[in-house]
Amino acid sequence: MERNAIAIAWALAFASAAISAPVPLLPPDAAERIASKNPRLFALLAADGEVPAGFVARTAKAADPVWHGGDSSVETAAPVSKDDLLVLTVAVRGVARYGAEPKILVKLQGSDWAGLIRSEIPATGEWRWVRLLGRANKDRAAGELRLHVYPAYCCQTFEVRALKLENWGAAPKESLPPLPDVPPAFGGEPPVPPDAPPPPPPVTLSPLSEADRARPRRVVLKLDDIMARSYRRYDRVIRFLEEKDIVAGFGVIVSSIESAPPGYVDWLKRNARENGGRIEFWNHGWDHAMDGKTKINEFKGSGLAHQRENLARSQDVFLEKTGLAMCAIGTAGNSWDADTSTALSERPDVLVWLYGNPKDDAGKIVLRRTFNLEYAVGRISFEKFAEGYVKHRLDDYAVIQGHPNMWNDASFAAFKKIVDQLLADGWMFVTPHDFATTP
Ligand SMILES: [Zn+2]
């Protein structure tokens, strides 16, 4: 649209709706105020002729505390009534050094205004117009509205100019003049984004003293998700356990045993500690159901009757097929509710509850989670493990969870290095049942 056409459309909109001119809400020195409130984040640009003074914001994740709390506010210069149309217009350009889709986040909100208006703008280095609209949810005096502008991602810089916050009163949204078709042409070189902060130095695990090494401490390898279709992926773990002469607990999702080939049942029997193997199999539920949409899991929100049935079925069918009694449970996603405690309290054959409910333990030994083997499900890094482990090296016990069916070679190598570290630190590898016999 040509400029004249925009001007005519705007004039017509005013005329037809009898809309009064918008009231500017930002004080003329808004940019200066923002910059002075948060100088770590905002650096003020020099005033630039007709263009209102802009400012530049930067962030460098991790090394810079503004990453989490990076925002700034500015008091408004005029009052606002309930349902007034608030309009933020701003020209923005951003440049990012790393990352595929860097973005800037611009928000408009009040200090107690639940309704949040936000827009994510790709940091492409080009100037863009951004407009955010919202209705005030109540009357407020000057000073209550806030503008938040912050860079939401690592190592990027953005530049803000022509900042305008206006109160359009009762005007309908459709009556606003369109934003110009062309991006603003403020010129100048785009701001230079900061470098990534140097990575934090790796956690070093210095050798423990003889006395510390000798302190009795027990660790359980809680390795989940044994089922008929993928149990062979645990073979290399078992070979490693044999090599190190240690044991582990494997969590079985029992339902797949019903139609499994006989090789699976043989494998379970052969590797069970009861039969001279390295593994204590524990109950990881009947079907491992986890519904991301409804948030109903096998042992959370599914109801007492369902939990009772799945608990009984998994315990009983496993015993029937393998001759092995499982004495421990760990639920799918480690999620549970009050019904889980009730259902478990009715099962004297279950003695240990891995990552269970410590406040309502159903008379079981609840073993808690402290540090992690995997930093994300199925992924292991020795360095990330060490960050969590360093604070727990002298704990009485640890239960560390992993998913060997998801490990790639790098994760498996990291797993082996972690086991070696724990052995060097004097930990004793045990299974859940050892806690039942020696609490
Ligand atoms: Zn699982």
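What follows is a working chat about a predicted model.

Biologist: How many helices and strands does the chain have?

Modeller: This is a predicted model. The chain has 11 helices and 17 strands.

Biologist: What share of the residues is buried?

Modeller: Of the 439 residues in the chain, 33% are buried.

Biologist: And the contacts, what percentage join residues at least 24 apart?

Modeller: That is 76%, counted among contacts between residues at least 6 apart in sequence.

Biologist: Let's go to α6. Which of its residues are buried?

Modeller: Helix α6 covers residues 262-271. Its buried residues are Y264, W267, L268 and N271.

Biologist: Where do they sit around the axis?

Modeller: They are on the same side of α6, because they cover an arc of only 100° around the axis.

Biologist: Which exposed residues are on the face turned away?

Modeller: P262, D266 and R270. They are on the face of α6 turned away from its buried side.

Biologist: Left-handed or right-handed crossing?

Modeller: Right-handed, as α7 passes α8.

Biologist: Which residues meet there?

Modeller: From α7, L304, Q307, R308 and L311. From α8, D339, T340, T342 and A343. The residues of this contact divide into 3 nonpolar, 3 polar and 2 charged.

Biologist: Zoom in on D339. What does D339 touch?

Modeller: D339 lies in helix α8. Not counting residues up to four places away in sequence, D339 touches G303, L304 and Q307. The C-alpha atoms of D339 and L304 are separated by 5.0 Å, and the two residues are 35 residues apart along the chain.

Biologist: Why does D339 count as partly exposed?

Modeller: Because D339 has 18 C-beta neighbours inside 10 Å. A residue is buried only if 20 or more other C-beta atoms lie within that distance, and exposed if 12 or fewer do.

Biologist: What about phi of Y355?

Modeller: Phi of Y355 is near 50°, which is also positive in a residue other than glycine. Y355 lies in the loop between β14 (352-354) and β15 (365-367). With 19 C-beta neighbours inside 10 Å, Y355 counts as partly exposed.

Biologist: G330 next. Which residues is G330 in contact with?

Modeller: Leaving aside neighbours within four places in sequence, G330 is in contact with K222, G251, W282, H284, L354 and Y355. So Y355 turns up again, because it is on that contact list.

Biologist: Where is G330, and is the site buried or exposed?

Modeller: G330 is in the loop between β13 (328-329) and α8. G330 is buried, with 25 other C-beta atoms within 10 Å.

Biologist: How far apart are G330 and G251?

Modeller: In sequence, 79 residues; in space, 7.3 Å, C-alpha to C-alpha.

Biologist: Last one, V399. Where is V399, and what does V399 touch?

Modeller: V399 is in strand β16, residues 397-402. Not counting residues up to four places away in sequence, V399 touches V220, K222, L354, L367 and R369. K222 and L354 are also among the contacts of G330.

Biologist: Buried or exposed?

Modeller: V399 is buried, with 23 other C-beta atoms within 10 Å. V399 and R368 are 7.0 Å apart in space, C-alpha to C-alpha, and 31 residues apart in sequence.

Terms used:
Residues are numbered from 1 along each chain as its sequence is written. This is a predicted model: local features need pLDDT of at least 70, side-chain atom pairs count only at pLDDT 80 or more; totals for chains, interfaces and linings use all residues. Helices (H or I, at least four residues) and strands (E, at least two) are DSSP runs, numbered from the N terminus. The arc is that of the directions from the helix axis to the C-beta atoms. A crossing is left-handed if the near helix is turned anticlockwise from the far one by less than a right angle, and right-handed if clockwise. Two residues are in contact if their C-beta atoms, placed from the backbone, lie within 7 Å. Ala, Val, Leu, Ile, Met, Phe, Trp, Tyr, Cys and Pro count as nonpolar, Asp, Glu, Lys and Arg as charged, and the others, Gly among them, as polar.
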